[in-house]
Amino acid sequence: NEKEEICMKNKNDDLKIIDNHCHFNFLEPIEDTVRGFKAEAKELGLSGLAVLSCPRTGKRESGSGPDLLENLKGLYLKERMRIPVYAYAGFTWHYDDSASYVEFAKSMLEMGADGFKALEQHPGVRKQVGKGLCDTSFDDFFDYIGKKGVPMVCHVGDPRFNWCKGTASEAAKKLGRVYDDTFLSLDELYGEMEEVLRKHPNVKIILAHFYFKSDDYEGLVSLMERYPNVYLDLTPGAEMFVGFSKDIEKWRGFFLRYSKRIILGSDLYGAGYGVSRHKLVRRYLETSEPFVEEESQETVIPMHLPREVLKDIYAENAIRISSPEPKPVNREKAYASCCDIADNHWDKLNEIERQNLKTFMEFWKR
């Protein structure tokens, strides 16, 4: 492994690398998260990163509601990192009326967001929210971001085997990601997402985790052909590289054919988690010798892609979809958002969150 990493670095150390799928370390002081991302960026040789806000993941505390600071963390990270940071805002609240979603979009773009992230088609969050992105209340939001030309990252589903206890991995069981009939099926979640794509063909949609489709080559080709504004991110699910390896020549051809529509990602968290995944993705794309993938313990066959394809996947596609440089933060509006949370939601914050909010306010008040 060490020899392969050295070989990869020597061969491709001049490539621009943007990890387009990063998150925050939950319930940590924000300065620890900043230090973590700086260390990871240095270790991995990153040229930039995109942080995706997920206010409704439920990872704060049981029953404690959404993370009200998620979107502010992305804006703060933009100004604290030495490399470009793209910030994708997520829905903190949900509404019955479409105007509120449009107002949210306008507010976040004015504040400095570069795009949006939706976890609403994840089976657990979809169940929690009670409606999918195809609901008519989202229509004006999608029309608005389509006109603005900003991308949206959508997490849809999970590995298919998570819908059966007998086939779900031990890791999925530990994380509570085994779904019974009280959740929508994977095909129902796909159906809702396709309705969004049909209704809003001009919106640039990045489907996270390769849409959990490494077992459905024909279905994914069909999707890519029908919706030219659909892109795929390579943040690995447990099944992805195993699925590709079952018919490596076919899937390698897919990567060559759609090389302008595939984006690097790894689930970096600014706390060490994700570093090995980032290295795994790069090893899989760059090398040629089969190796045992740690999580699945199965042997996978790497892609060994040409440098020009790697150049697109590692940075050029993300830049073209979003913009050459991240938007600047509107410090006045960011500070106003902090004040709103402090005035109206202080009692909903735990001690770490209160300290983080104070950090944001002191920083943006200058």
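Tutor: Buried here means under 20% relative accessible area, with over 50% called exposed and anything in between partly exposed (1.4 Å probe, protein chains only). Strands are DSSP runs of E with at least two residues, helices are runs of H or I with at least four, and both are numbered from the N terminus.

Before we go on, a word on the ground rules. This is a predicted model, so local features need pLDDT of at least 70 and side-chain atom pairs count only at pLDDT 80 or more, while totals for chains, interfaces and linings use all residues. Residues are numbered from 1 along each chain as its sequence is written, and side-chain values use heavy atoms, with hydrogens and water left out.

Now for the neighbours. Strand 7 pairs with strand 6 (residues 205–207) in the parallel sense over three bridges; two strands count as paired if DSSP finds at least two bridges between them. Across that pairing, Tyr231 of strand 7 has Ile206 opposite. To get from strand 6 to strand 7, the chain goes through helix 9 (residues 217–226), a right-handed β-α-β crossover. That label means the path from the first strand over the helix to the second runs clockwise when the strands point away from the viewer. Strand 7 also runs parallel to strand 8 (residues 262–263), joined to it by two bridges, with Asp233 partnered by Ile263 in strand 8.

Strand 2 pairs in parallel with strand 1 over three bridges, and Val51 has Cys22 opposite. Here the chain crosses from strand 1 to strand 2 through helix 2 (residues 30–44), and this β-α-β crossover is right-handed too. Strand 2 also pairs in parallel with strand 3 (residues 85–90), over four bridges, where Ala50 stands opposite Tyr86.

Finally, the rings. The model has 32 aromatic pairs, where rings of Phe, Tyr and Trp (its six-membered ring) pair if their centres lie within 6.5 Å, with planes under 30 degrees apart counted as stacked, over 60 as edge-to-face and the rest as tilted. Tyr76 and Trp364 are edge-to-face because their centres are 6.1 Å apart and their planes stand at 90 degrees. Tyr76 lies in helix 3 (residues 70–80) and Trp364 in helix 15 (residues 351–365), so the pair ties together parts 288 residues apart in sequence. Both residues are buried. Phe141 and Phe142 make another edge-to-face pair, at 5.4 Å centre to centre and 75 degrees between planes. Phe141 counts as buried at 0% relative accessibility, and Phe142 does at 1%. There's also one aromatic cluster made up of Phe210, Tyr217, Phe241, Phe244, Trp251, Phe254, Phe255, Tyr258 and Tyr284.
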